[in-house]
Amino acid sequence: MAAWALGNHLRAPVQTVLSLVYPPRCLGCGGLVESDFGLCAGCWAETPFVGGTVCDSCGAPVPGETDGGRIECDDCLRRPRPWSDGRAALIYDGRARHLVMALKHGDRADIARPAADWMVRAAGPALLAGDPLVVPIPLHWRRMMKRRYNQAALLAQAVAKAAALDWCPDLLQRPRHTLSLDHRSATERFATLEDAIRPHPRRGARAQGRIVLIVDDVMTSGATFAAATQAVRAAGAADVRVLALARVTKTP
Ligand SMILES: [Zn+2]
Ligand SMILES: [Zn+2]
């Protein structure tokens, strides 16, 4: 069994048994809720879901109404994206930040399932049409050892399940260890991540001629998605789309 799956695999049956004994808890605050995998009304209100008109390239909300044509935010106009379409379920702020951090560092794999439902809703037909192959952003093995699972792989698996799509957990590899990108400028992020992601020598062929949907937990500058897009294009993907749980925006 792949290392990323360990926690998830063990947790599923245990959780089913536990829910018979313990009532369902809110994913955000741990308060009692009606059903599993939900948020209480307070946390729901504090979680900024993306709504209204969004940028077709990165999923960030943009002011105004859509006239049916393609819409792009200032970021994407300034830095054209190598993928075709992108979406995000949440704005990386408020309670959404807590959920992302808990999934990433807090051993809260249970967040992946409801998060995937929100992501599939945000993806819509624009990202899900054409039977895309779902692929997570890879972690370098050293970071994987530290965290024990890849949160992007948990999300990719849950998105694939929720949308009834194929997925490949290790289509991409991260052979080079890159330092944390927190507090780096967009230009530094793009420079650091150039050539940092590659197709797996044996799995890469699965992308040949396919539409590929790359999944990650957070999109900040888009540098990681750009590096992954280059890698799946090199592997022969016909089209590339990107889907994040949360999008960092300058004006939430
Ligand atoms: Zn709550
Ligand atoms: Zn955009």
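Predicted model: local features only at pLDDT ≥ 70, side-chain atom pairs only at ≥ 80, totals over all residues.
The donors are the SG atoms of Cys55, Cys58, Cys73 and Cys76, lying 2.3 Å from the ion. Along the chain they follow the spacing C-x2-C-x14-C-x2-C. Cys55 and Cys58 are both buried.

The zinc ion (ligand 1) is coordinated by Cys26, Cys29, Cys40 and Cys43. Each of these residues contributes its SG atom, at 2.3 Å. The spacing of the donor residues in sequence is C-x2-C-x10-C-x2-C. The 4 donor atoms around this ion subtend angles of 105 to 113 degrees, so the arrangement is tetrahedral. Cys26 and Cys43 link distant parts of the chain, 17 residues apart. Cys26 sits in the loop between helix H1 (6–21) and helix H2 (41–46), whereas Cys43 belongs to helix H2 itself. Cys26 has a relative accessible area of 3% and is therefore buried. Cys43 is buried too, with a relative accessible area of 2%. For four tetrahedral donors, the ideal angle at a metal is 109.5 degrees.

Strand E1 spans residues 85–91 and is mostly covered. Of its 7 residues, 7 are buried. E1 pairs with strand E6 (residues 239–247) through 6 bridges, and the two strands run parallel.

How values were computed: Residues numbered from 1 in each chain as written. Chains lettered and ligands numbered in written order. Heavy atoms only, no water. Buried < 20%, exposed > 50% of the residue type's maximum accessible area, 1.4 Å probe, protein only. Helix = DSSP H or I, 4+ residues; strand = E, 2+ residues; numbered from the N terminus. Pairing = 2+ DSSP bridges. Donors = N, O, S within 2.8 Å, 3.2 Å for Na, K, Ca; no water. Tetrahedral: all angles 85-135°; square planar, octahedral: opposite > 155°, others 65-115°.
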